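I opened the model today and took notes as I went.

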Amino acid sequence: MKFYNRENEIAELKRICNLSFTHNSRMTVLTGRRRIGKTSLIKKAFEDSDAPMLYFFTGRKAEVALVNDFIREIHDKLHGYVPEGLRSVTGVMRHLFELAKTERFTLVIDEFQEFTNVNPSVFSDLQNLWDSYRSETRMNLVLSGSVMSMMRRIFTDAHEPLFGRADNIISLRPFRIKVVKEILKDYNPEYTNEDFLALYSITGGIPKYIELFCDNGHVTCESMLRFSVSYMSPFIDEGRNLLITEFGRDYGTYFSILLAIAQGRTSQAEITAALGGMAIGGHLERLENTYNIISKFRPVMSKPGSKNTVRFRISDNFMQFWFRFIERNRSMIELDNYDDLHKVVMRDYPTYSGLMLEKYFRQKLTEEGGFRELGSWWEAKAGKEANEIDIVGIRTEGKSALIAEVKRNVRNYDNKSFMAKIEHIRAKILSGYEIESRLYTIDDM
């Protein structure tokens with residue numbers, strides 16, 4: 001698949017590179033979940049540079065093996081002398097800083113957080129080298145990592161040696177809606193809204209997942225769904241591999257919480273009940289603030305401290321899909337029963353995609369802008385939810401609001417019921433607001 005988007009990130013990486021070469025060394029940290037396209041972005045940003053780029057990949061191997069890999073890269077890209085007997089990453093870095101006194105080059109260290117497993121002293125050693133050499137060298141240092149909780153701790157925790165050393169921290173996000181549409185149109189010019197909704201619902205704009213569908217010719221809804229849960233699907237173990245890397249040995253409880261959320265248990269009380277009453281407050285807090293896998297939502301214009309109305313959602317579309325259809329049906333996979341798994345997906349997907357359609361329109365409106373607050377609204381009442389509204393947006397200009405209902409099929413829309421909801425929310429929180437009402441269906445994508 002050709003390279004799409006990322007113009008702003010490329011411009012920023014080039015700007016920092018120029019400062020590194022004309023003033024003094026700069027350290028850039030690039031983070032983002034796996035498959036988001038960090039390595040592709042780096043290579044694209046520096047492909048036309050007149051200075052060499054060294055690419056170090058930090059695999060989980062012995063330090064001396066990594067050092068040998070790094071030395072080969074130095075020979076290939078800089079064609080210079082490397083002292084005999086180097087056995088440590090710190091020794092390699094010191095040599096490169098000495099070279100950077102007279103040479104300009106970009107050094108990329110990918111999966112930088114893996115030094116935690118290889119040799120944690122690399123972090124404090126790099127701090128000392130950086131503080132000693134930064135002002136007298138011309139190195140463009142780019143440190144990239146996929147385990148976001150670890151990368152955040154390494155560079156933003158005040159107790160860590162590299163705290164405050166990064167000149168820029170760039171967090172790479174999934175493609176926006178218009179980019180996903182552009183890609184699908186290139187591969188399927190006659191795509192339908194059903195096709196686009198499937199691509200959005202499964203990938204959430206993650207470049208690698210889009211590439212897997214497009215390069216394998218799966219660009220229709222039915223084909224994408226079948227490929228996702230086929231015997232050779234690259235997605236079957238993807239969620240497990242991603243999350244075990246983040247959670248480590250304590251992944252069991254986190255998996256159970258995420259599975260409960262994916263099945264529609266979105267309040268803390270519901271999740272707690274699904275896990276047999278175990279205390280999960282700390283797990284939810286870490287899933288939200290450390291791992292950034294779930295998000296906490298309250299009704300639009302509700303008070304921040306109103307805990308009884310809080311809901312949790314899995315932020316990542318792929319992870320939501322993976323838990324809902326793949327992890328939930330793991331027993332079928334263990335039995336190689338992919339035909340029945342496909343039937344389950346085809347049976348439940350229409351309902352699931354209806355919920356994703358709501359998320360799509362909230363994201364679309366957010367990307368278009370013009371709102372100071374946008375989300376959903378619901379009212380907790382006697383143990384049940386009443387007067388739930390899919391989209392409520394408070395506009396930035398004037399005292400006006402958008403209230404919208406999302407229906408996958410227009411035949412399921414009840415205008416009388418929707419108008420009653422509007423009057424109820426007007427009386428509750430939007431008194432004096434000019435209200436625009438809308439109905440969004442799959443035809444409006």
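**Entry 1: a bridge in the sheet**

I began with a single residue pair in this predicted model. Phenylalanine 56 has isoleucine 109 of β3 as its bridge partner. I then looked up the strands around that pair. β2 and β3 (residues 105-110) run parallel and are joined by 5 bridges.

Next I traced the whole sheet. It is open and has 5 strands, in the order β2-β3-β4-β1-β5. The pairing is parallel. Which strands are at the edges? They are β2 (53-57) and β5 (168-171), and each pairs on one side only. From one strand to the next, the twist averages 15 degrees.

I also checked what packs on the sheet. Helix α2 (residues 38-46) does, and it touches β1 (26-31), β2, β3 and β4 (139-145). The direction of α2 makes about 160 degrees with that of β4.

**Entry 2: α9 and α10**

I moved on to helix α9 (residues 193-203) and helix α10 (residues 207-215). Their axes come within 9 Å and cross at roughly 135 degrees. Angles over 145 degrees would count as roughly antiparallel, and 65 to 115 as roughly perpendicular. α9 and α10 are therefore oblique to each other. I noted the hand of the crossing as right-handed.

Which residues make the contact? From α9 they are Leu199, Ile202 and Thr203; from α10 they are Tyr209, Ile210 and Phe213. I sorted the contact by class and got 5 nonpolar residues, 1 polar and no charged ones.

**Entry 3: α16 and α18**

The crossing of α16 and α18 is right-handed.

I listed the contact residues. α16 contributes Asn317, Gln320, Phe321, Arg324 and Phe325. α18 contributes Leu341, Val345, Asp348, Tyr349, Tyr352, Met356 and Lys359. By class, I have 7 nonpolar, 2 polar and 3 charged residues in the contact of α16 with α18.

**Entry 4: aromatic rings**

How many aromatic pairs are in the whole structure? My search found 29. I wrote up one of them, phenylalanine 97 with tryptophan 130. The ring centres are 6.1 Å apart and the planes are at 65 degrees, so the pair is edge-to-face.

I then placed both residues along the chain. Phenylalanine 97 is in helix α4 (residues 89-99), and tryptophan 130 is in helix α6 (residues 121-133). They are 33 residues apart, and the pair links distant parts of the chain.

Technical notes. Residues numbered from 1 in each chain as written. Predicted model: local features only at pLDDT ≥ 70, side-chain atom pairs only at ≥ 80, totals over all residues. Heavy atoms only, no water. Pairing = 2+ DSSP bridges. Helix = DSSP H or I, 4+ residues; strand = E, 2+ residues; numbered from the N terminus. Axes fitted to C-alpha atoms, helices over the stretch in contact; angles between N-to-C directions. Contact = heavy atoms within 4.5 Å. Parallel < 35°, antiparallel > 145°, perpendicular 65-115°, else oblique. Left-handed = near helix turned anticlockwise from the far one by under 90°. Nonpolar A, V, L, I, M, F, W, Y, C, P; charged D, E, K, R; others polar. Phe/Tyr/Trp six-rings, centres within 6.5 Å; stacked < 30°, edge-to-face > 60°.
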